[in-house]
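Biologist: I have this one open for the first time and would like a slow tour. Could you show it and then walk me through?

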Amino acid sequence: MQITPKNILYIHQSTDLYGSDKALLFLVKGLNKKLFNPIVVLPNYGPLNIELDRLQVKTIVTPVINIHRRMFTLKQIIKLPFHVFKSLKKIKYELNNITIDIVHSNTAVVCLGAIYAKRNKIKHYWHIHEIVNSPKIGGKFFALMVYYFSDKVIFNSKATQNSFVIYKSNLELKSTVIYNGVDRVEKISSSKDILWLRQSLKIDANDILLGLFGRINKNKGHELLIDAFGKLYENFKNIKLLIVGSTVPGQEELLVKLNDKLSQNKLNEQVKIVPFQSDIWKFWDAIDIAVVPSKIPESFGLVAVEAMLSKKAVIASNDGGLKEIVIDKKTGLLFESNNEEALKSAMLFLLNNRELINSFGEQGYLEASKRFTLNSYVQNFEKQYNL
């Protein structure tokens with residue numbers, strides 16, 4: 001007997017291929033296509049569209065109605081019904097009579113999925129990738145909205161779940177935690193390739209290279225790390241720092257500010273900044289120590305898993321989902337969030353105990369390969385879709 005695949009309509013807020021974008025891509029890619037047919041709604045064209053096209057996944061580009069502070073103006077409130085109507089009409093046209101079985105909203109701030117599901121009486125799954133701690137009224141608003149407009153809520157970590165349940169305790173009854181998963185298919189780069197990449201960045205083979213990977217914004221701790229690194233460099237002349245990532249369009253001033261800080265502290269030669277890279281694994285292989293110095297709680301921390309799969313010791317903020325990924329003094333070191341001195345001490349400890357760099361890296365690889373696999377991530381979602 002032939003099984004008809006369930007049509008899953010995914011609605012997502014961005015296309016840059018950072019954390020939640022990758023989580024969606026990995027899920028859609030890993031689904032059993034005999035059982036599930038993914039269709040993805042995105043707000044614009046970007047790297048994620050290109051990857052979905054390669055997978056021959058149908059995409060629909062239309063406003064997804066993101067909730068943000070700027071929308072709470074009289075002008076935007078008046079425009080909102082028209083944006084909703086336009087998007088619903090576009091989806092209906094693009095689907096061309098395809099019956100949707102489940103709507104999957106990927107991130108809390110996307111509300112088009114809730115509207116579409118409610119209007120068409122379809123099951124709505126809300127996949128939450130955010131911790132909303134400030135302001136408290138915002139946290140309560142999102143918790144209530146997610147509770148009342150979803151049939152099932154999936155959180156990407158216990159920290160994320162707790163941040164919502166604290167405002168609406170009943171939310172726990174309709175929710176579950178599914179950790180993000182990622183597999184590293186690419187082999188570890190050869191010594192020759194690592195040397196070539198380092199040389200192209202003007203980094204010596206004997207330098208200890210620290211790396212911060214991810215989108216450049218005010219909450220990821222770039223300036224905090226540069227300040228701590230600068231003080232370490234006074235006594236360790238063979239350390240370098242690699243920052244890989246780009247800003248959100250319209251926030252390029254953050255990159256200008258980072259470069260100004262490097263110039264003021266005379267660290268232009270010691271700190272290298274390269275833009276977002278689609279082929280990220282070779283950069284992971286080129287570093288020695290990964291640093292995730294987030295200033296606010298990360299809901300998960302996919303970059304920490306990527307680093308562990310690349311056999312790198314991880315230094316991370318002791319907050320949010322990162323505490324569920326990095327095992328302190330086994331796969332890396334946790335330090336007090338937003339504390340420059342604590343971050344410097346963690347880096348200093350590894351620089352003075354270099355045998356632990358490889359040890360933490362090896363243990364991290366084993367942990368990530370066991371606890372955060374793509375297979376378990378996808379299978380857990382497929383089980384939820386079949387409930």
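Modeller: Let me begin with a term: a residue is buried when its relative accessible area is under 20%, exposed when over 50%, and partly exposed in between, using a 1.4 Å probe and protein chains only. By that rule, buried residues make up 53% of the 387 residues in the protein chain. This is a predicted model, in which local features need pLDDT of at least 70 and side-chain atom pairs count only at pLDDT 80 or more, while totals for chains, interfaces and linings use all residues. Residues are numbered from 1 along each chain as its sequence is written, and side-chain values use heavy atoms, with hydrogens and water left out.

Biologist: How many helices and strands does the protein chain have?

Modeller: There are 15 helices and 13 strands in the protein chain, taken as DSSP runs numbered from the N terminus, with helices being H or I of at least four residues and strands being E of at least two.

Biologist: Let's zoom in on β5. What is the bridge partner of serine 105 there?

Modeller: Serine 105 has tryptophan 126 as its bridge partner in β5, and five bridges join the parallel strands β4 (residues 102-106) and β5 (residues 123-128). On the β6 side, tryptophan 126 has valine 153 as its bridge partner, and β5 and β6 pair in the parallel sense over four bridges.

Biologist: Switching to helices, at what angle do α8 and α9 pack?

Modeller: Helix α8 (residues 222-233) and helix α9 (residues 253-264) pack at about 10°, with their axes 11 Å apart; axes are lines fitted to C-alpha atoms, for helices over the stretch in contact, and angles run from 0 to 180 degrees between N-to-C directions. That makes α8 roughly parallel to α9, because angles under 35 degrees count as roughly parallel, over 145 as roughly antiparallel, 65 to 115 as roughly perpendicular and the rest as oblique.

Biologist: Which residues make that contact between α8 and α9?

Modeller: His222, Glu223, Ile226 and Asp227 of α8 make it with Lys257, Leu258, Lys261 and Leu262 of α9, contact meaning heavy atoms within 4.5 Å.

Biologist: Last one: what is the order of the six-stranded sheet?

Modeller: That open sheet runs β10-β9-β8-β11-β12-β13, with parallel pairing. Within it, β8 (residues 208-213) and β11 (residues 289-292) pair in the parallel sense over two bridges, and glycine 211 stands opposite alanine 290 in β11.

Technical notes. Two strands pair if DSSP finds at least two bridges between them.
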